[in-house]
Amino acid sequence: MNIFYGTPISPGFAEAPPLLVQGMKLKSEERAISSNEVEKEFKRFTDAIEATKNELLAIRDKTAEEIGEDEAEIFDAHILVLEDPLLHVEVSRKLESEQKNVEIVLQMVIDDLAERFSKIEDEMMRERATDIADVGQILIRNLMGRPSAAIRIDEPCILVATEISPSTAAKLDSELVLGCVTEIGSVTSHTAIIARALGIPAVVVPPGTITELQNANTIIVDGMDGAVVADPDEKTIEEYEEKEQKRLEREIMLRRKIGLDAVTTDGVKIDISANIEMPIEIKIAKENGAEGVGLYRTEFLFLNRKVLPSEEEQYQHYRLAAEAFPQNDVIIRTIDVGGDKFLSGSGMPEDVNPYLGVRAIRFSLVKPDIFNSQIRAIIRASRHGKVKLLLPMISCIEEISSAMGYIDECCKKFDLDSDCIEVGIMIETPAAALNTKIFSNYMDFFSIGTNDLIQYTMAAERGNKQLDYLHRPMQPTIIRLIKEVTDNAKATGIELSVCGEMAGDLRMIPILVGLGITKLSMNPRSIPVAKEMIRRISFEESSSVAKEIAQLLFTKDAVDKVEKTFGERVKSLEINGARFQD
Ligand code: PEP
Ligand code: MG
């Protein structure tokens with residue numbers, strides 16, 4: 001038995017034999033052509049474009065019907081690749097210069113374009129390389145007159161491949177493909193979106209892992225913890241089956257309670273809302289019982305594209321969220337690019353240290369056109385519900401004052417008062433946390449972004465695994481800081497919520513509730529279990545534990561205290577806490 005750890009990109013567990021999908025690159029014969037044949041070869045190319053477009057339109061329609069319109073839009077991006085003038089110009093140019101048959105020339109052009117995209121910093125732009133390679137293979141197959149290379153699957157399996165293209169993912173039968181393991185992909189990749197929509201657990205493993213999986217008879221995919229177990233022994237299979245059983249029981253139990261509020265045993269109601277990145281998650285948030293959107297990370301609307309979204313396009317997106325939750329807050333955060341989310345085409349130089357550079361509000365303030373169009377779109381969307389505007393990564397009063405200047409101007413343009421929309425700031429720098437008393441005079445609400453608050457307080461880059469000991473949410477330093485923010489918010493009467501990952505962490509929930517936080521926003525899929533956890537704790541006991549932790553020195557003592565008080569309740573609810581090898 002071998003266990004590999006990777007990144008979970010679609011939740012759930014699955015166990016089945018692996019089906020290894022080899023690289024799908026078709027090998028075409030190379031043939032020299034004369035100058036007279038260039039035109040004929042180019043015509044073959046444009047015919048193949050038409051055939052491919054029809055094929056993609058058919059997949060698009062099937063996806064819209066069977067999965068949803070949002071997922072179907074992925075194929076619009078593929079069709080755009082086919083229509084890209086650059087592709088046509090490059091093929092024509094290379095036919096002239098290389099004088100080879102169009103299959104060979106096209107492969108060169110596709111490889112070149114895919115390579116250029118794969119080098120772009122921005123992760124979502126890099127994933128365009130997959131789209132280009134995917135579309136290129138369909139084009140070449142059509143040029144070669146080969147039928148659709150659908151993967152034949154007759155038995156339940158775990159699909160194992162270096163990469164699964166979105167068009168392949170959309171064709172998967174979730175009755176037979178029980179899980180996916182790839183070496184390329186991320187939570188935001190198109191393939192992950194489709195896997196989640198189809199309910200197929202998936203994990204991205206480090207390069208080289210799939211070679212190790214190819215001879216396994218059975219594989220377990222743990223889309224909760226990101227584990228992949230090759231040839232599990234009896235004990236592990238039993239543990240896994242038990243985990244799966246527990247997961248199903250938990251799902252059934254929680255589904256029955258989806259309409260119940262999160263109220264502690266001594267009557268404190270906690271509002272639970274969803275963090276979303278893309279419109280597709282609005283539906284998931286509603287299905288999981290979210291009471292509004294506590295954080296809309298709008299930068300994801302900006303990342304995977306050549307042209308930035310217009311005010312109108314943004315308005316339509318934000319409006320969807322507002323209309324989905326007419327009675328609840330929908331908190332729309334202005335773009336937080338920079339850090340690990342680089343916006344290509346913005347004309348901004350790359351920072352040497354991106355997390356400390358022109359990120360979030362700093363970016364918006366040097367790009368007023370982008371900022372203004374986003375503010376206008378958010379104000380327009382606010383007419384359709386209870387929309388609020390949230391400013392990310394604020395560090396000083398000057399940033400607040402400049403941002404409010406832009407917001408006031410936009411309100412004036414719409415003939416509205418400057419208080420036409422509630423405006424809040426993220427508390428995610430120590431500077432903001434230290435200034436909460438003063439900043440409360442200027443803002444309508446605060447939202448603590450614990451992911452960055454930990455990163456900036458501990459001076460420990462978020463994604464750096466070696467610094468995990470500094471990222472621990474339960475460290476008393478962080479608890480003291482959150483306590484200070486919470487006490488200041490209470491003293492000044494400003495509304496406060498927490499929207500970092502901590503908010504959905506079952507062990508952290510009692511501490512946050514105990515500190516007096518009554519609004520939590522989290523990944524939509526964590527909502528049902530978080531609500532249940534709250535229903536099993538009392539404010540009184542949480543408050544005494546939180547106070548005690550705020551006095552401690554060592555993280556370990558904090559962990560022990562929580563474990564002793566709430567451990568049993570957490571364990572009865574969690575399904576992904578213990579890894580097989582732990
Ligand atoms: C945070 O920093 O906690 C937060 C919610 O913002 P993001 O994760 O988008 O940086
Ligand atoms: Mg943040």
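Mentor: Begin with accessibility: buried means under 20% relative accessible area, exposed over 50%, and partly exposed in between (1.4 Å probe, protein chains only). This is a predicted model, in which local features need pLDDT of at least 70, side-chain atom pairs count only at pLDDT 80 or more, and totals for chains, interfaces and linings use all residues. Residues are numbered from 1 along each chain as its sequence is written, chains are lettered from A and ligands numbered from 1 in the order in which they are written, and side-chain values use heavy atoms, with hydrogens and water left out.

Trainee: Is glutamine 99 buried, exposed or partly exposed, and what is its phi?

Mentor: Glutamine 99 has a relative accessible area of 25%, so it is partly exposed. Its phi is near 50°, a positive value in a residue other than glycine. Helices (H or I, at least four residues) and strands (E, at least two) are DSSP runs, numbered from the N terminus. Glutamine 99 sits in the loop between H3 and helix H4 (102-118).

Trainee: Where is alanine 459?

Mentor: Alanine 459 is in the loop between H19 and helix H20 (468-471). Its phi is also positive, near 50°, and at 68% relative accessibility alanine 459 is exposed.

Trainee: How do H1 and H3 pack?

Mentor: Axes are lines fitted to C-alpha atoms, for helices over the stretch in contact, and angles run from 0 to 180 degrees between N-to-C directions. Helix H1 (residues 38-66) and helix H3 (residues 85-98) pack at about 155°, with axes 10 Å apart. Angles under 35 degrees count as roughly parallel, over 145 as roughly antiparallel, 65 to 115 as roughly perpendicular and the rest as oblique. H1 is therefore roughly antiparallel to H3.

Trainee: Which residues of H1 make the contact?

Mentor: Contact means heavy atoms within 4.5 Å. On H1 they are Val38, Glu41, Phe42, Phe45 and Ile49, and the H3 side includes Leu87, Val91 and Leu95.

Trainee: Which residues coordinate the magnesium ion (ligand 2)?

Mentor: Donors are N, O and S atoms within 2.8 Å of the metal (3.2 Å for Na, K and Ca); water is not among the atoms, so sites may look incomplete. The magnesium ion (ligand 2) is coordinated by Glu428 (OE) and Asp452 (OD), at 2.0 to 2.2 Å. Glutamate 428 lies in the loop between strand S15 (422-427) and helix H17 (430-434), and aspartate 452 in helix H19 (residues 450-458), so the pair ties together parts 24 residues apart in sequence. Glutamate 428 is buried at 1% relative accessible area, and aspartate 452 is buried at 2%.
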